[in-house]
Amino acid sequence: VLPSPEGPAPSVSVTEIRQYLRTHGIPFHDGYSCLHTPSLFTGGHADQPPAVAAGAPYTLFIDKTTGSFLCTATLAEGTWQDFQANVELQHRGIPPAKSEEMEEVLRQASEDARCIWDRALPLWELLDEDETNKTKAMFGISLVSNATLKRFGVRYLRTAKSLVFPWFSPRNATLKGVKLVRVEKKGDTIAYVEETLPRFDSYHNLFGLPLIGCRDTELVLTGWELDALALHQAAGVPSLALPRGATCLPPALLPYLEQFKRITLWLGEDLRSWEAAKLFARKLSLKRCSLVRPGNLQPRPLEALNQGLNFTKILRAALPASHKSIISFRQLREEVFGELANTEQVAGIKWMRFPELNKLLKGHRRGELTVFTGPTGSGKTTFISEYALDLCMQGVCTLWGSFEINNIRLAKIMLTQFAGRRLEDQLELYDEWADRFEDLPLYFMTFHGQQNIKTVIETMQHAVYMYDITHVIIDNLQFMMGQEHLSGDR
C-alpha cells in the first residue's frame, strides 16, 4: 500500500540531497541513477562520522529520484529521512539502528530457502545422464553446458520438478533466497511457473551478481535466469537477470548497476519486453543503455542459443536508447516495420475474460485513457475490478485509486473474483487464495473521498517509478474531484 494522504512520502530533489551532503561534509560523486558516498554503516571512530574517514570506499548509494539509500557493504537501506536521521545520530556518536521485525521476516525466509536448497541436487549430478538430459530437455536447456550450470549454481528439486536458482548475498555469499521455476504444459504450449522465497515484494535478486568482477564495465541485462545462462555461455559477456523479468525493475537494485558504463537490455521477444526495456533505460540513464529489438532474428537469448544464432552480431546491432530530438525516417524504419509485423501485440494486451471488449478497445495500451460511465449501482466498480484483475493476472502492474469504496471492500471483491468462489463459505481456503493474490503486481492508493489532485498525481508518479505501474484506475472521478468542480473542465 502506498503512503497514506496524512503523510505522503515527502519528495526530495537531487539538488537538496547534494546540498545536504555538502553541508555535512560528506564527500560524494555523481553516478548514473544514484549519488555515491562512503558508508555511514561501516566501522569508523565514535568521534567522527565514518563518512569523513579518508580513503573510505564509496559503498553507499542514494537514489537521485527518491532519496532512498542502500549500502552495498552492509546491506543497510532506508528512506532519505532514515539517511538524515543516521547522519544526525552519527554526529552524536550513536550507532545506526536496524529494524528487527523486518530482519526476522527475512531471516525466516532465508531459513526456508536453505531447506529447499539443501534438498535440491546440482543439475549435473542427477541419478544418471539420462535423467539429466530429460530434465534439461523439459526446460529447453539441452544446449546449456554443465560447466555453465555449475558456474551459476543451478540445482533441481525432484519433488517439485523445479529448477532452483540461488540468491546469494553480494556481501558475504550467504544464501538469502531462491527462485523455483517449473514447466506447465497446456495443450501444445508450455508455460513457466515461478515461485520465490522470500515473497516477490522482498525478492530483490539480480541473478548472476556474485560472478560479476569489480572491473567489469559492460553488462547485458536479461529478463530471465535461463537467458543469463545462455548469454554467458554463447557470448562470454557479464549478464544478470531481473527478478521479475519485464514486469518491473525495483529501484533497490539500481546501486548494483552503477559500476557499468554500458548496459544492453535484452529482455525478451515480444513488444511488452521492448516497452519495458525503454522504461527501464530511463531509470538506468538513457545515455549508457542500448536495447536489443525483438524480432524473428533476435529472439530471447535462450531461444537464440537453441537456434545457433550469432550473439555478437545481435549485441552489436543493439539500438542506443537515447534518441536525438530530431530524427529521420531511416532511424524509425525498423520500429515501423516492427509495428506492422506485430499488429496483434501493438493492439495491446488482450483481456482473457472479455472477448467482446477486445473487439471494441483492441486491448490495454499504454498512454490511453478510457472512461466508463453509467448510473449509480449499475456495476461499474464490479466490472472494472474484474477488468483490471484480468490484466493484472497477465503481469500488468496495476495501481488502484478507489475514492468511493474503501480498499478492504475492494480487495474483498477482487479476491472473490480471483478465486472464482464464495470464500465466506470456505474460510479454510482463504490463506491459499490470499497467498496467490498477494503475488499479483497490484497496489492500492490509500486515499478516500475528495483529494487534492496534485497529491494524487504525485503519488501516481512515485508509484510509476517504484513499481513500474502501467495501468492506473481512478474510481471514480466525481468523488476524487468533489462536487463543486463539476462546472469547470478539470
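**Sheets, helix packing and a cavity in a predicted model**

Contact here means heavy atoms within 4.5 Å. Axes are lines fitted to C-alpha atoms, for helices over the stretch in contact, and angles run from 0 to 180 degrees between N-to-C directions. Helices (H or I, at least four residues) and strands (E, at least two) are DSSP runs, numbered from the N terminus. The model is predicted: local features need pLDDT of at least 70, side-chain atom pairs count only at pLDDT 80 or more, and totals for chains, interfaces and linings use all residues. Residues are numbered from 1 along each chain as its sequence is written, and side-chain values use heavy atoms, with hydrogens and water left out.

Two strands pair if DSSP finds at least two bridges between them. Strand β1 joins β2 (residues 34-37) through 2 bridges in the antiparallel sense. Asp-30 has Leu-35 of β2 as its bridge partner.

Helix α1 (residues 14-23) also packs on helix α2 (residues 80-91). Their axes come within 12 Å and cross at roughly 5°. The two helices, α1 and α2, are therefore roughly parallel to each other. Angles under 35 degrees count as roughly parallel, over 145 as roughly antiparallel, 65 to 115 as roughly perpendicular and the rest as oblique. From α1, the contact takes Ile-17, Tyr-20 and Leu-21; from α2, it takes Trp-80, Phe-83, Gln-84, Val-87 and Glu-88. By class, the contact of α1 with α2 has 6 nonpolar, 1 polar and 1 charged residues. In this scheme Ala, Val, Leu, Ile, Met, Phe, Trp, Tyr, Cys and Pro count as nonpolar, Asp, Glu, Lys and Arg as charged, and the others, Gly among them, as polar.

Another open sheet has 5 strands in the order β6-β7-β8-β9-β10, again with antiparallel pairing. Strands β6 (121-122) and β10 stand at its edges, each with a single partner strand, so one side of each is left without a neighbour in the sheet. Within this sheet, β8 (residues 162-168) and β9 (residues 175-186) pair in the antiparallel sense over 7 bridges. Pro-166 is bridged to Val-178 of β9.

Two backbone features lie in loops. Most residues other than glycine have a negative phi, and most peptide bonds are trans. The peptide bond from Leu-197 to Pro-198 is cis, with omega near -5°. Pro-198 sits in the loop between β10 (189-197) and β11 (218-222). Lys-362 has a positive phi, near 70°. Its loop runs between α12 (355-361) and α13 (380-392).

One cavity of 30 Å³ or more is counted. A cavity is a set of points, on a 1 Å grid over the protein atoms alone, where a 1.4 Å probe fits but cannot get out; lining residues have an atom within 4 Å of a point. Grid points are joined across faces, edges and corners, and a volume is the space filled by probe spheres set on the points. The largest cavity holds about 30 Å³ of space. Its lining consists of Leu-265, Trp-266, Leu-267, Gly-268, Ser-273, Trp-274, Ala-277, Val-292 and Pro-294. Strand β13 (262-266) and helix α7 (271-284) each give two or more residues to this lining. The largest share, 3 residues, comes from α7. The lining divides into 7 nonpolar, 2 polar and no charged residues.

Helices α14 (residues 407-419) and α15 (residues 430-438) pack at an angle of about 100°, with their axes 10 Å apart. That makes α14 roughly perpendicular to α15. Ala-411, Met-414, Leu-415, Phe-418 and Ala-419 of α14 meet Tyr-430, Trp-433, Ala-434, Arg-436 and Phe-437 of α15. This contact has 9 nonpolar, no polar and 1 charged residues.

Technical notes
On a 1 Å grid over the protein atoms alone, a cavity is a set of points where a 1.4 Å probe fits but cannot get out, and a pocket is an open set with protein on both sides within 12 Å along at least five of seven lines; lining residues have an atom within 4 Å of a point.
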